[in-house]
Structures are given as C-alpha cells and as structure tokens.
Amino acid sequence: PIEGHLYNLINLAKIQMDQYFEKQKNLAVSLKQLLKLDIEPNTIDCFDISHKQGKFIVGSCVRFKNGEPDKQNFRHFKIKTINYSNDYACLQEIVKRRYKNPEYLPDLILIDGGKGQLNSIKKIIHNTQIASLAKKEETVFCSKIPFGKKLNIQNYAAQTLIALRDYTHHFAISYHRKISKIS
C-alpha cells in the first residue's frame, strides 16, 4: 500500500523495528555504563537455584549473546555435593562445574540473588565481571555498586537484565518440576 491505514501500520512497524535494532546494537555499551563494567558484555551467563524445602535441588545457567538467548549454551545441573538448603554453596557448585574450562567464561556472570549470592561467587571466579540481581525492588549489585542500585525498568539495559534473570528462573523451576516428578 502507498497510502491509508495499512500504509501507516506498516510504517509504524518499521519505526518500531528500527528502534529495537538500535537498542540491541547499543545494548553492550548500555550495560557497561549501567553496571560500571570494565568491558562491554556481549556474552552474559545467568545462574539460578531451585528447590522445595531443600529437596530436589537443581540449578540452571542461561546464556545470552548480544541480547538474545543462546540456547546451545543453556545448562541444567543436579546438585551433587549439597543435600540441604544452602543457595550459596549450590551456586558455587554449579558455577565451578560450568567453568571447569576457563574458555567458557562469559563477559559477565549474572546471579539471581542479592549481595550474599554475589559474594559467594566472587570467592571462586576472578577472571570475569560478576553482578547479582535481587528480585526485591529489582536491585543490582556488583563490585562497583556494592550497596546496590534499584533498576529503572524503563531502561532497555535494565529490562534485558530482568528478562535474563526471569528466563533463568523459569528454566530452573521447569527443570526442578521435571526432576521432582521423576523421583
């Protein structure tokens, strides 16, 4: 169409796609600024733990590359060394297992949790940037934001971090449900 309602809808769709691609193109720069990182994070791994009162403890790792899910690098973990509710120890176990080979380290590791979860991972990983995102008030913590910063949910970089955390959380819960049904 060259005029009319359908023409206007197509133009609006083009404008929205252009805006989306512009945001995607600048995502790594925006994340670097938001988290005060040393490098632009193009590859981000997010970790979460799921259990029900310490039973059927599992973990998950979801990788986003350039703001998009990289499903070939998603991982599920059955917790092997801990048989009670200790999210810190469980996170340490799955992060160690995920990065046995340092080649797989991403530009940024995002942890579902707060300061405690962040500190537990900082003890074992030193070669990459690490942040945590607490659900309560969507607060992010990292080495340069030690007291936390509430995310502006209107910001595209913040929306991406929240989406990654929520995606990982869903991935962990679905695996937990699967494992608990089998056992």
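Residues are numbered from 1 along each chain as its sequence is written. Because the model is predicted, local features need pLDDT of at least 70 and side-chain atom pairs count only at pLDDT 80 or more, while totals for chains, interfaces and linings use all residues; side-chain values use heavy atoms, with hydrogens and water left out.

Strand β1 covers residues 43-52 (strands are DSSP runs of E with at least two residues, helices are runs of H or I with at least four, and both are numbered from the N terminus). Eight of its ten residues are buried, so β1 is largely enclosed by the rest of the structure (buried means under 20% relative accessible area, exposed over 50%, partly exposed in between, with a 1.4 Å probe and protein chains only). β1 has an antiparallel pairing with β2, residues 55-65, over nine bridges (strands pair if DSSP finds at least two bridges between them). Within that pairing, Asp45 has Arg63 of β2 as its bridge partner. With β5, the pairing of β1 is parallel and runs over four bridges; here Phe47 is partnered by Ile111.

Now for the rings. The structure holds four aromatic pairs (rings of Phe, Tyr and Trp, the last by its six-membered ring, pair if their centres lie within 6.5 Å; planes under 30 degrees apart count as stacked, over 60 as edge-to-face and the rest as tilted). One of them joins Phe47 and Tyr99 edge-to-face, at 5.8 Å centre to centre and 75 degrees between the planes. Phe47 sits in β1 and Tyr99 in the loop between α3 (87-98) and β5 (108-112), so this pair ties together parts 52 residues apart in sequence. Phe47 is buried at 0% relative accessible area, and Tyr99 also counts as buried, at 8%.

Phe74 and Phe171 make another pair: with centres 5.2 Å apart and planes at 70 degrees, it is edge-to-face. This one links distant parts of the chain, as Phe74 is in the loop between β3 (68-69) and β4 (75-78) and Phe171 is in helix α5 (residues 156-182), 97 residues away. Phe74 and Phe171 are both buried. Together with Phe64 and Tyr167, they belong to a cluster linked by ring pairs.

Finally, the largest pocket holds about 170 Å³ of space (on a 1 Å grid over the protein atoms alone, a pocket is an open set of points with protein on both sides within 12 Å along at least five of seven lines, and lining residues have an atom within 4 Å of a point). Its lining includes Leu35, Asp38, Lys122, Gln129 and Cys142.

Technical notes
1 Å grid on protein atoms, 1.4 Å probe; cavity = no way out; pocket = protein on both sides within 12 Å on 5 of 7 lines; lining within 4 Å. Points joined across faces, edges and corners; volume = space filled by probe spheres on them.
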